[in-house]
Amino acid sequence: MPPASTGAATAVGALPLSSPAADLRLRPGSRDFRRSNLALFAAGIATFVLLYSTQGLLPLLSSGLHLTPGQASWTASAATLGLALALLPASALSDRYGRTAVMTGSVVAASVIALALPFAPGLGALVALRVLQGAALAGLPATAMAYLAEEVHPSALASAMGLYVAGNSIGGMGGRLVSGWVGAAWGWRWGLAASALLALLAAVAFRLLIPTARHFRRTPVDARALAGTISAHLRNPLLLRLYALGMLFMAVFGAVYNTVGFRLIAAPFDLPQSVAASIFVVYLVGTAASAGAGRLAARLGRRGALYVAIGLTTAGLLLSLADSLPCALLGLVLITAGFFAGHATASSSVGRTAQHGRAQASALYLIAYYLGNSLGGTLGADAYHSVGWPGSATVGLIAMTLAAGVTLYATRQAMASRRVPATATLRT
């Protein structure tokens with residue numbers, strides 16, 4: 001093993017895949033496998049309830065605080081921006097203090113900040129608190145992916161990761177529905193309070209269910225080794241492509257979901273706020289798509305699953321352009337299914353590709369992923385404010401065109417690598 005890789009493995013303390021202890025990793029059918037899946041499912045719920053607690057309230061925030069859609073969208077983008085900035089430090093802390101300890105501290109701190117959000121006096125305070133909340137929350141998503149990669153047997157990793165992402169979709173749906181419905185009835189402050197209570201319940205469930213990590217080895221934080229690990233990941237072409245795909249898929253999701261509420265309450269639909277908030281029930285499609293992403297990848301391969309995800313998302317964006325409520329809803333269903341299938345496929349591939357420094361590999365993926373959300377959400381909201389829904393859809397279509405290019409390039413690289421050994425054999 002090259003010196004840089006050795007230092008990276010030491011920094012994370014993860015067991016090599018060839019270690020005899022790897023045979024004890026969790027497999028389907030065991031009690032701890034079920035508990036870990038349920039615990040990470042609850043963690044996914046808490047994460048996305050907290051992260052997107054304002055997204056279902058954006059029209060109410062806009063009217064209540066006299067904001068443009070772009071200004072209101074910053075209450076959603078600020079949390080993902082804070083999370084992205086804190087992911088690498090949080091992953092380093094998980095190497096020192098343990099995966100479960102960092103995940104627990106992260107979700108508790110973010111929930112406490114959530115209790116303060118309803119008392120924010122205006123946009124500035126609300127955005128500042130959301131940045132802090134995102135930073136506090138960072139330890140959970142980065143560490144959760146590393147925990148699964150270390151504790152779950154590779155044969156079950158895709159399905160375990162799919163269930164974790166499914167928890168994300170349930171949390172995203174539940175948080176937006178609860179805050180949207182409560183906000184429509186009693187105002188945005190009460191909507192945020194309801195989201196905080198829902199997240200606390202999920203956090204308690206996570207702490208009660210999560211099994212003790214058996215394959216984690218505590219190591220001191222070594223800045224030089226950490227930099228070497230990050231540098232090695234950033235030189236890995238496959239990881240870079242996965243990071244780019246996570247960013248592009250999330251850019252679509254941010255652009256669409258930051259503006260769909262504004263579109264539904266405006267002409268020609270003119271839906272009440274309570275009905276518009278109900279649109280987030282579409283997240284159930286994401287739950288099914290996430291859980292099925294592993295089976296899709298097993299049948300079509302990783303790149304085949306990505307092509308399907310890109311195709312579904314693109315078809316949904318094009319269909320949503322029609323000024324027809326059934327077309328808009330079906331388009332949102334396809335966008336949601338495509339996004340979650342693409343994210344589950346890319347995120348599970350990161351854990352399998354990184355042979356060392358999995359916490360940092362996961363953190364880099366999530367940095368790209370959440371930066372994509374902040375960028376896509378902001379650009380989508382500004383485009384909506386300028387030209388309406390076609391502007392938001394165009395932001396998404398550009399992102400999917402780039403994602404298709406990345407995947408096509410990966411396909412050609414894989415085909416070329418298969419041809420090289422055959423050519424070399426003929427020459428010898």
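Trainee: Why is Arg263 called buried?

Mentor: Its relative accessible area is 7%, and buried means under 20% (exposed is over 50%, partly exposed in between; 1.4 Å probe, protein chains only). So Arg263 counts as buried. Keep in mind that this is a predicted model, where local features need pLDDT of at least 70, side-chain atom pairs count only at pLDDT 80 or more, and totals for chains, interfaces and linings use all residues. Residues are numbered from 1 along each chain as its sequence is written, and side-chain values use heavy atoms, with hydrogens and water left out.

Trainee: What makes Asp323 and Arg263 a salt bridge?

Mentor: They meet at 3.6 Å, N to O, and the rule asks for a side-chain nitrogen of Lys or Arg within 4 Å of a carboxyl oxygen of Asp or Glu. Asp323 sits in the loop between H14 and helix H15, Arg263 in helix H12, so the pair ties together parts 60 residues apart in sequence. Helices here are DSSP runs (H or I, at least four residues), numbered from the N terminus.

Trainee: And what makes Asp323 exposed?

Mentor: Its relative accessibility of 61% does, so Asp323 counts as exposed.

Trainee: Which other pair meets in a salt bridge?

Mentor: Arg99 and Glu150, at 2.4 Å, N to O. Both are buried.

Technical notes
Helices (H or I, at least four residues) and strands (E, at least two) are DSSP runs, numbered from the N terminus.
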